[in-house]
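Me: I'd like to learn how to read a new model from the whole fold down to single residues. Can you walk me through one?

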Amino acid sequence: MNFDLDQEQLMIQKMIREFAEEEVAPGADERDRTGEFPRDIFYKLADLGLMGLPFPEEFGGGDGDTVSFAIVVEELSRVCGSTGITYSAHISLGGAPINLFGTPEQKEKYLTPVCKGEYLGAFGLTEPNAGSDAGGTQTTAYLDGDEWVINGSKIFITNASYAKNLALTAVTDKSKGTNGITAFIVPTDAPGFTVLNNFEKMGLHASNTTELVMDNVRVPKENLLGKEGNGFKQFLATLDGGRIGIAAMAVGIAQGAYEKSLQYAKERKQFGQSLSSFQAIQFKLADMAMNIELARNLTYKAAWLKDQGRKFKKEAAMAKLFASEMCMRVCDQAVQIHGGYGYMKEYQVERYMRDAKLLEIGEGTSEVQRMVIAKTIGC
Ligand SMILES: Cc1cc2nc3c(=O)[nH]c(=O)nc-3n(C[C@H](O)[C@H](O)[C@H](O)COP(=O)(O)OP(=O)(O)OC[C@H]3O[C@@H](n4cnc5c(N)ncnc54)[C@H](O)[C@@H]3O)c2cc1C
């Protein structure tokens, strides 16, 4: 058994940490305040060859592994959750379904520009009336000659304002239940396709969260992704991988909050001593360090299993569940260690706490993760 990262993973870790410190961290507070989307950061990540990191070289990807992907998400999130979720969704929700289920022609046409970072990847599953119960999709598609006609709406879709094409689900045969749901690749500039960007969020202010409205959107027959009726299964498989991204985000945000707390505890003096000399504060920091380490191990293990081509559904759900709940606790304690200053924006940990909450909700809530785990252990 070997817990060391390999040379390539270490190189990527060093590169992305430097990039995050130099290019992402400096504007993170300002972007949180203004909600400005950091488009430039993703052009720069494309220059570093990271926008297609885990995808095949023949489609412009980096042929990297899932552990490296998790490291990149972790390091970006350590300084800016919004940048972390944008990158994670681009890869694991935008590129992944096309890589997993697309034909070679579809990959050439739709995965290559995603890998080059020409536009961002996005994924439309959630609807106003179908969230945890994604099988309750109400968007429909019917075949009219050589074209599919799509009607309906999707909600809370990450990155869609910056995506030229995205994969989404629609019901093609209502009588078959979830076996009547099909996935399509849809151009966002198709007539009848509207992307709305009106949400005011608790956190992740500089990430793009949209609503999609499809009014008789026509796509060519060949834009069907995978097999007709397999869309629900394909998207669930996509989410298994996406959960590694959310877990990595949680590890990164928690790590950032912990580091700020450790530094603050050493500098801040009360009762004539630094906070870090009080055992109550030491124990908080010790618990933070231990829980982050546990979550990182779970996350890297799920990523490693995926890289070995082994089953990873249970481990990805466990990593996502544990890491996201851990991250909320760590951020809560980070604010506590900072006292009144922690409640102020200047000290950043309140941003980390607001950003962290999404991790218990997106890509399957904590309750849904427990349902997934319960099923995999034979309940
Ligand atoms: C910032 C952000 C970004 C997102 N990005 C995307 C994206 O890119 N693509 C996409 O498709 N979706 C995206 N989502 C949607 C996200 O995945 C859903 O919000 C999430 O799956 C929960 O669905 P819901 O909001 O409809 O909540 P609901 O399903 O209505 O759940 C409400 C509450 O009820 C609980 N609950 C529901 N069913 C059960 C049950 N059977 N047993 C016990 N408890 C239950 C839930 O756990 C939750 O606590 C995003 C959401 C946000 C906020």
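This is a predicted model: local features need pLDDT of at least 70, side-chain atom pairs count only at pLDDT 80 or more; totals for chains, interfaces and linings use all residues.

Me: Which domains does the assignment give for the protein?

Reply: There's domain 1 at 7-116, domain 2 at 123-229 and domain 3 at 233-376. Taken over C-alpha atoms, the centres of domain 2 and domain 3 are separated by 30 Å. Their contact draws on 16 residues from domain 2 and 12 residues from domain 3.

Me: And how many helices and strands does the protein have?

Reply: You can count 11 helices and 10 strands.

Me: Next, overall shape. What does the radius of gyration tell me about the protein?

Reply: The idea is to set the value beside a rule for globules, which is 2.2 Å times the number of residues to the power 0.38. A compact globule of 379 residues would come out near 21 Å, and the protein has 21 Å, so the two agree. Look at the spans as well: along the principal axes, the C-alpha trace covers about 80 × 45 × 40 Å.

Me: How do I read burial and surface?

Reply: For burial, the cut-off is under 20% relative accessible area. Buried residues account for 54% of the 379 residues in this protein. As for the surface, the accessible area is about 17000 Å², with 52% of that belonging to carbon and sulfur atoms.

Me: What about contacts along the sequence?

Reply: There you ask how far apart in sequence the partners are. Take the contacts between residues at least 6 apart: 74% of them join residues at least 24 apart.

Me: How far apart are the mean positions of the positive and negative charges?

Reply: They're 5 Å apart, counting 40 positive and 49 negative charges.

Me: Is Leu204 buried or exposed?

Reply: Its relative accessible area is 3%, and the cut-off for buried is under 20%, so Leu204 counts as buried.

Me: Where does Asn216 lie?

Reply: Asn216 lies in strand 7. This residue is another non-glycine with a positive phi, here about 55°. With a relative accessible area of 41%, Asn216 is classed as partly exposed, because that class covers values between the 20% and 50% cut-offs.

Note on methods: Residues are numbered from 1 along each chain as its sequence is written. Side-chain values use heavy atoms; hydrogens and water are left out. Helices (H or I, at least four residues) and strands (E, at least two) are DSSP runs, numbered from the N terminus. Buried means under 20% relative accessible area, exposed over 50%, partly exposed in between (1.4 Å probe, protein chains only). Contact means heavy atoms within 4.5 Å. Accessible areas come from the Shrake-Rupley method with a 1.4 Å probe; for residues, only the protein chains shown count as cover. Lys and Arg count as positive and Asp and Glu as negative; His and the chain ends are not counted. The place of a charge is taken as NZ of Lys, CZ of Arg, CG of Asp or CD of Glu. Domain bounds come from an automatic or database domain assignment.
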